[in-house]
Amino acid sequence: MSFVHHLPTRRELLVGSGALFAWGQMPRLARAEGRDPRLLVIILRGALDGLGAVAPVGDPDWISLRGDRALVLDGKMPALPLDSFFALNPAMPNLHRLYRSKQASIVHATATPYRERSHFDGQDVLESGLVRPGATGSGWLNRALFALESGGRVDPRGSRALGIGSVTPLVVRGSAPVMTWVPQKLLPASVDTQNRLLDLYQHTDPKLASVLQARMKLASLDGTPAMGDPMSDDPTLAPPGIARVRAYFADAAGTAARYLAKPDGPRVGAMGFVGWDTHIAEGAAAGQLYNLLGALDGAFAAIESNMGEVWHETVVAVVTEFGRTARINGTQGTDHGTGTVAFLVGGALAGGRVIADWPGLKPAQLFEDRDLKPTTDLRAVLKGLLGDHLRVEENLLAGTVFPESADVRPIGGLVG
Amino acid sequence: MSNSAKAEAVLALHRFGMGPRPGSIAALGTDPRGALIAELNRPLALAAAAGLPSSAKAFRTVADANARRTARAKQAQQQAKKQQMAAAPAMSEHQNQGQAQAQIQGQTQGQAQGQSEEKDAAEMAAKKAAEAIPDPGRPIYLQEAKVRTEAALAADIGFAERLVWFWSNHFCVSANKIQSMSGAYERETVRANALGRFVDLLMAVESHPAMLFYLDNLDSMGANSTAGINRSRGLNENFARETMELHTLGVRTGYTQDDVISFANVLTGWTLVPPGVDPQHGGEFTFNPRLHEPGGQTVLGKRYDQEDVEQGRAVLRDLAAHPATATHVATKLAHHFVADEPPPTLVEQMAKTFRDTEGDLKQVAIAMVSSDEAWRGPPSKLKRPGEWVVGMVRATGITQVDPVRYTGGQELLGEALWRPSSPKGYPDDEASWIDGVGRRLDVANYFAERVAGIADPQAIIENVFASEVAGEVKQAVDRAESRQQALALLFMSADFQRR
């Protein structure tokens, strides 16, 4: 008996979302050039600490900013050098390998136009492509897709975009049809969610707190339920250890890649990974963030391998709603911030670069004396990808796809 | 709406109802107690159940399918055997060779193996043929579950539905034993009488085929009855004991083992029409005099000399009117709705209403919500899994459920629908459920993921608490990293789980 066994099968979902209809073909202009590009967008929900992922080891203020929490080239867990200035979190050897073979780029000190610090609103701006939250029910990726067939000549029966997860990410919602796929393995409540709930109980209900605490303690015994535990036969109750998170990331991303790789499959897709809100014990070099980045790195490997022959037509854009405070907070974590990184991965890239107009880390150089200052508008990156990879026309990019972005010039040369 | 009226509306919905839906709190206005009582004056019947089979019909459908399955299996087995016989000459030649060889080698196991393979093939054919006829019990169960759950989702407040759930658990049967009838049983007995008189509810329950089946009364026969003498069989005390211990008087209220035996004798002959013999009435209740112990019986010091089904009815009427039953019922109701240790004066007031009105259950329910004591205590009750899940769904405004998913979730949470592990039903105290909080978190997380696209956590916190919620909960929802996390924390908060 298990809850997950009652989840609908993949086939049921495909039928339910109308995805058994033929999918529309893809970027017409790109096709005319003999290409068949794929784009997958991964949203990291919770706000990724860009400095914990890609460390400015060449910045003279780096060590003083983060102290013993700073990733360094000669630390116990040495960061992986990218160039003379930046180094990658040691949890990401795949990304490092792709970067060195020019199949990955990193954009640093980037942000959407959103300057407040609410997750929901931040994700709304990130995914809608608008400058204000709550303004629309469609996402920039879907509108870009719609724009590709000018005059709205999109076959309404065709599913052109792929959404992964029970909730179709906003970025891919809109007029162009979407097919969705829900991973069979559901991610159980994260350690972060459990910690927050425990904190809530400790302030409001000691009895519930002690029960939850006991459960978490049990779960922390390296995933092995205690002997005689009546719950031990239930697979859904295994703790959400890092092994499960890794498996989930790889499974979800790998499946997205399999669909995108099909000759008649969708050509763009989107998915979200949660858990990046590292307020307490962030653990960039060993711990929470290290583990999550490792899982993300595994997802890159799964995508590369499942894309197979079309890897050279692939771009994966990994984005997050905003960054985190430059300094470590009082609980060895980081709070909501502004500037962060975006990862670009895929065989279609002209990669091997960290794209950054580095703002510096001195107090006066930080945004509001607390966050990494954003110097690259994330929309410039996305517009560059949509234009050069999918061939969405620039006037549409500045109009319906990213409204009010005429003065944000697309970054050229990202794809090869 | 004043703050205190709002607080009382929130409490009314959580403690006595199925939990707030969007707009529920405002709709209760300034008189939540009046709104609760008003809901009891509306009919409990379910329009959506019109297409569902009666319990007897459901039982016949399953019995028919079982009979056809047996026939098919037999047929397939015979056919497989015939085919093997046809192939036998060649086989025996082969076997002779084999035997000769085996003798040389000093082995004989090859032959034995060949025979068991033949048998296996016939059994496989039979099994396959039987599986071609699916069990109709499960789809009926799921459809009943859907109708019942959606009634809880559709109710304005859900006080009446909560009473249906309460009485269904008080008079529980188990779908593990009678899957096809479990939903119809609830509709035909509890839903029909939960706001009527206890004696009518009791009579409907104890003469229902599902209950008689569940508590093993179908084949209970008097030692001196015709059937008992002919078949040398006798009494099963289960039904009589549970009727006194669980359904009416309550445990340790003065009845003796002799009372149980006498009452069991009284109830012999309460059985059902075998589904195979009567296509019209199979599966319905019947009194079979051939099973009934002849003569009068004494139960709780009173002599019952009736000769037939009236003997049992007379005992049940007296049990329903017994003061111990009034106290038992009042205690259980207050324990379910108000507190694990309800105020004794509240219980006594409800018991008195029960006695004064000859067990008018609507008046008992009204007495409960009219008493200040039912409102005064802190929200200490931990919602049962069913209430909690329905409460989550209601909070989002969703009105339909997938019964496979819903019943799967209930099972995971330890409160499988209509499947309690004993006739005592599911427990109602915090100690029994609190260790399941971890499972709840998994379910909340899963549900939150599913609805995060349509549910705004800020709107939902307003839906379910108005402003009557701990600041810490608001803060946790505000600071969550995603809508999913915000919703999971909200549904898991003590404010949402306790009432």
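Predicted model: local features only at pLDDT ≥ 70, side-chain atom pairs only at ≥ 80, totals over all residues.

Q: Which residues are buried in helix 27 of chain B?
A: They are R483(B), Q484(B), Q485(B), A486(B), L487(B), A488(B), L489(B), L490(B), F491(B) and M492(B).

Q: Which residues of the largest nonpolar core touch the most other members?
A: That core has 136 residues, and those touching the most other members are A330(B), M350(B), M368(B), L487(B), L489(B) and L490(B). Helix 24 of chain B gives the largest share of this core, 8 residues.

Q: What is A330(B) in contact with, leaving aside neighbours within four places in sequence?
A: V347(B), M350(B), A351(B), F354(B) and V364(B).

Q: And the second core, how many residues there?
A: The second core is separate and has 111 residues, including L82(A), F146(A), L260(A) and I355(A).

Q: Switching to the chain contact. How many residues of chain B are in contact with chain A?
A: 35 residues of chain B, in contact with 32 residues of chain A. On the chain B side, the elements giving two or more residues are helix 22 (403–412), helix 24 (437–451), helix 26 (471–479) and helix 27.

Q: Which helix gives the largest share of that side?
A: Helix 24 of chain B, with 10 residues. By class, the side of chain B that touches chain A has 16 nonpolar, 9 polar and 10 charged residues.

Q: Now chain B overall. How many helices and strands?
A: Chain B has 28 helices and 4 strands. Its C-alpha atoms fill a box of roughly 100 × 70 × 40 Å along the principal axes.

Q: What percentage of chain B counts as buried?
A: 48% of its 499 residues. As for contacts in chain B between residues at least 6 apart in sequence, 73% join residues at least 24 apart.

Q: What does the domain assignment give for chain B?
A: Domain 1 is 3–41 + 381–497, domain 2 is 58–131 and domain 3 is 197–378. The centres of domain 1 and domain 3 of chain B, taken over C-alpha atoms, are separated by 34 Å.

Q: How many residues of domain 1 of chain B are in contact with domain 3 of chain B?
A: 14 residues of domain 1 are in contact with 14 residues of domain 3. On the domain 1 side, helix 1 (3–16) and helix 3 (32–40) of chain B are the elements giving two or more residues. That side divides into 6 nonpolar, no polar and 8 charged residues.

Q: One residue I flagged is G158(B). Where is it?
A: G158(B) is in the loop between helix 7 (137–154) and helix 8 (159–170) of chain B.

Q: Why does G158(B) count as buried?
A: Because it has 28 C-beta neighbours inside 10 Å, and 20 or more is the cut-off for buried. Not counting residues up to four places away in sequence, G158(B) touches G17(B), M18(B) and A152(B).

Q: How many Å separate the C-alpha atoms of G158(B) and L346(B)?
A: 22 Å, with the two residues 188 apart along the chain.

Q: Over to chain A. In strand 9 of chain A, which residues point one way and which the other way?
A: T314(A), V316(A), V318(A) and T320(A) point one way, V315(A), A317(A) and V319(A) the other way, and all are buried.

Q: What does strand 9 of chain A pair with in the parallel sense?
A: Strand 1 (residues 38–45) of chain A, over 7 bridges. There, I42(A) stands opposite V318(A). Strand 9 of chain A also pairs with strand 10 (residues 340–345) of chain A, in the antiparallel sense over 3 bridges. L344(A) in strand 10 is the bridge partner of A317(A).

Q: What about the open sheet in chain A, what order do its strands have?
A: The order is 2-4-3, with 3 strands and antiparallel pairing.

Q: Why is one side of strand 2 and of strand 3 left without a neighbour in the sheet?
A: Strand 2 (54–55) and strand 3 (80–81) of chain A stand at the edges and each has a single partner strand, so one side of each is left without a neighbour. Strand 3 is joined to strand 4 (residues 87–88) of chain A by 2 bridges, and L80(A) has L88(A) as its bridge partner.

Terms used:
Residues numbered from 1 in each chain as written. Chains lettered and ligands numbered in written order. Buried ≥ 20, exposed ≤ 12 C-beta atoms within 10 Å, placed from the backbone. Contact = placed C-beta atoms within 7 Å. Nonpolar A, V, L, I, M, F, W, Y, C, P; charged D, E, K, R; others polar. Pairing = 2+ DSSP bridges. Domains from an automatic or database assignment. Core = buried A, V, L, I, M, F, W, Y, C linked by C-beta atoms within 7 Å.
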